[in-house]
Amino acid sequence: MNILGINAYHADVSAVLVRDGELVAAVEEERFRRVKHVAGFPTQAIHACLEMGGIKGADVHHVGVSRNPRAHLARKGWFALRHRPDTSLLKDRAANYGKVNGIPAAVKEALGLAPADSGPKVHWVEHHPAHLASAFFVSPFDTAAVCAIDGFGDFVSTSWAIGRDRSMDVVHRTFFPHSLGLMYLAVTQYLGFMNFGDEFKVMGLAPYGSPDFTREMGQLVRLKPGGTFELDLTYFRHWSGGAGMTWTDGEPKVEAVYSAKLEELLGPARRKDEPVAPRHEAMAASLQAVFEQAAFHVLRGLHARTAINRLCFAGGCAMNSVANGKIRDETPFTDVYIQPASGDNGTALGAAYYVWNQILQQPRGFVMRHGYWGPSFGAAAVDSALVARRDDLDAQRCMVRCIDDDHELYEWTASRIANGDVVGWFQGRMEWGARALGNRSILADPRRADMREIINTKIKFREKFPRSRRRCSRKLTPTTSRDRCPTRS
Ligand SMILES: [Fe+2]
């Protein structure tokens with residue numbers, strides 16, 4: 001039995017193929033369209049999954065979609081009545097709702113089926129159960145406490161479940177607009193990083209500063225008994241409709257979700273082109289500290305509720321590897337499983353396994369022990385790609401050599417790295433998830449002081465974070481109304 005899982009009309013759209021409970025292929029659409037975090041419909045990712053599985057569209061029996069537009073409708077309606085959000089928010093939601101309703105037809109088209117064909121059975125799997133399933137059903141644990149923390153999806157931002165064998169029971173949900181992912185996003189935008197998915201830059205900036213503003217940053221979130229939390233919504237505007245969001249196609253766009261009050265609390269926001277100052281580093285460190293405190297509070301609450309020592313963790317916030325590394329020290333959990341695509345890309349995986357295990361009640365057996373589930377390319381394909389990009393390679397003074405003997409290849413590569421060259425390492429199947437894990441990696445000499453700057457500015461085109469010469473003076477600059485800039489592009 002072939003099950004296709006898809007994440008569509010959200011960020012990081014992706015597709016996964018599962019055959020008789022075994023994972024066959026998993027890949028994100030961005031790898032083909034070359035647009036980071038691309039939203040829309042994952043047509044090329046679906047085609048790649050079919051190709052990797054050696055099947056035709058007609059061979060797909062079930063499709064799991066990691067959205068359920070009917071989930072929590074009453075709660076959404078009550079929220080709209082109570083808060084009367086701006087019409088732009090309602091328009092955004094309605095446009096997205098229309099796209100989501102068109103998914104069954106889009107699936108048929110991507111599978112090469114005619115509209116009149118019967119096609120596979122489509123299952124709508126709510127966003128958070130898809131996150132939870134993406135961690136639990138491919139984990140090595142028969143029984144586990146399961147947690148997902150993200151921005152939000154299907155009106156939920158945090159959820160807990162107990163996973164036992166082929167079933168999960170969701171035991172707690174935190175609903176929109178309260179969200180630790182949104183809190184991290186708001187401060188990321190405040191720090192001038194406005195591209196979708198820039199949170200990792202703030203996580204990377206945090207170790208350069210000291211957490212001098214945790215008291216102020218702590219005002220954004222209130223930790224409540226039982227592992228729950230609430231945002232102080234006066235610092236945010238995602239809930240009132242002032243922040244437009246686009247998920248329909250191309251690069252996802254999210255306007256500033258922080259309010260003018262955040263600038264009154266922390267001083268003027270950093271402009272995109274403004275240098276990163278010690279104050280910004282301290283803000284990043286403070287945000288990371290407050291986030292960790294809140295995330296561990298949630299996880300301790302889950303442990304207290306379940307008394308299970310094994311944790312499966314997912315959601316965009318489970319991409320915070322700095323926090324992940326502290327879970328076993330800061331919570332009672334002794335064993336932790338996080339699969340490499342724990343963001344929204346991974347909901348395609350969760351949707352497929354939710355169908356296989358939870359809906360069809362088929363036995364578990366597969367454990368995801370590595371992240372190499374994308375396409376691979378033979379020598380001929382590599383050769384033609386290099387020929388097509390020859391001018392670019394020449395302009396970059398990039399050397400291409402074909403070395404058949406492994407020993408010679410390793411010797412030559414090591415000597416180039418030792419010489420200060422940067423090597424693109426390409427082998428086998430592409431990684432599933434955002435992390436380069438050795439199959440599509442950039443290799444360089446970590447002993448050289450200038451190497452991080454070379455890689456960040458010349459190759460990854462990232463902002464550089466020079467190590468601060470001076471400490472942050474911990475002075476908060478008051479804002480004037482002219483300084484406040486809640487809508488930034
Ligand atoms: Fe999510």
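Guide: What follows starts at the metal site and then moves to the helices and cores around the chain. Keep in mind that this is a predicted model.

Start with the iron ion. Its donors are H127 (NE2), H131 (NE2), D150 (OD) and D344 (OD), at 2.1 to 2.2 Å. In sequence, these donor residues follow the spacing H-x3-H-x18-D-x193-D. H131 belongs to helix α6 (residues 127–136) and D150 to strand β6, so this pair links parts that lie 19 residues apart in sequence. Now the geometry. The four donor atoms subtend angles of 89 to 170° around the iron ion, and the arrangement is therefore irregular. For a tetrahedral call, all angles would have to lie between 85 and 135 degrees.

For H131 the relative accessible area is 0%, so it counts as buried. Setting aside neighbours within four places in sequence, H131 contacts A148, D150, A314, G315, G316, S342, G343, D344 and T347. Two of these contacts, D150 and D344, are also donors to the iron ion.

Next, the packing of helix α6. Its partner here is helix α14 (residues 347–359), and the two axes come within 7 Å and cross at roughly 85°. α6 and α14 are therefore roughly perpendicular to each other. On the α6 side, the contact uses H127, P129, A130, H131, A133 and S134. On the α14 side, it uses T347, L349, G350, A351 and Y354. So the iron donors H127 and H131 also take part in this helix contact, because contact means heavy atoms within 4.5 Å.

The largest nonpolar core has 69 residues, and C147, L180, M183 and L220 touch the most other members. At least two residues of this core come from each of β6 (143–153), β7 (156–164), α7 (180–190), α8 (199–205), β10 (228–231), α10 (260–266), α11 (278–306) and β13 (310–314). α11 gives the most, with twelve residues. A second, separate core has 35 residues, including A148, L349, A352 and W356. A148 is also one of the contacts of H131, and L349 is part of the α6 and α14 contact.

Not counting residues up to four places away in sequence, L220 touches M183, V187, E230, L231, D232, Y235, F236, L262 and L265.

M183 and V187 lead on to another helix pair. α7 and α11 pack at an angle of about 180°, with axes 11 Å apart. They are therefore roughly antiparallel to each other. α7 brings L180, M183, Y184, V187 and Y190 to the contact. α11 brings R279, M283, L287, Q288, V290, F291, A294, A295 and V298.

Finish with helix α5 (residues 103–110). Its buried residues are I103, A106, V107, K108 and A110. Just after α5, G112 takes a positive phi of about 75°. A116 sits in the loop between α5 and β5 (121–124). A116 has 77% relative accessibility, so it counts as exposed. From C-alpha to C-alpha, A116 and Y353 are 28 Å apart in space, and they are 237 residues apart in sequence.

Technical notes
Residues are numbered from 1 along each chain as its sequence is written. This is a predicted model: local features need pLDDT of at least 70, side-chain atom pairs count only at pLDDT 80 or more; totals for chains, interfaces and linings use all residues. Side-chain values use heavy atoms; hydrogens and water are left out. A nonpolar core is a set of buried Ala, Val, Leu, Ile, Met, Phe, Trp, Tyr and Cys residues joined through side-chain atoms within 4.5 Å. Buried means under 20% relative accessible area, exposed over 50%, partly exposed in between (1.4 Å probe, protein chains only). Helices (H or I, at least four residues) and strands (E, at least two) are DSSP runs, numbered from the N terminus. Donors are N, O and S atoms within 2.8 Å of the metal (3.2 Å for Na, K and Ca); water is not among the atoms, so sites may look incomplete. Four donors count as tetrahedral if all angles lie between 85 and 135 degrees; four count as square planar and six as octahedral if opposite donors are over 155 degrees apart and all others between 65 and 115; anything else is irregular. Axes are lines fitted to C-alpha atoms, for helices over the stretch in contact, and angles run from 0 to 180 degrees between N-to-C directions. Angles under 35 degrees count as roughly parallel, over 145 as roughly antiparallel, 65 to 115 as roughly perpendicular and the rest as oblique.
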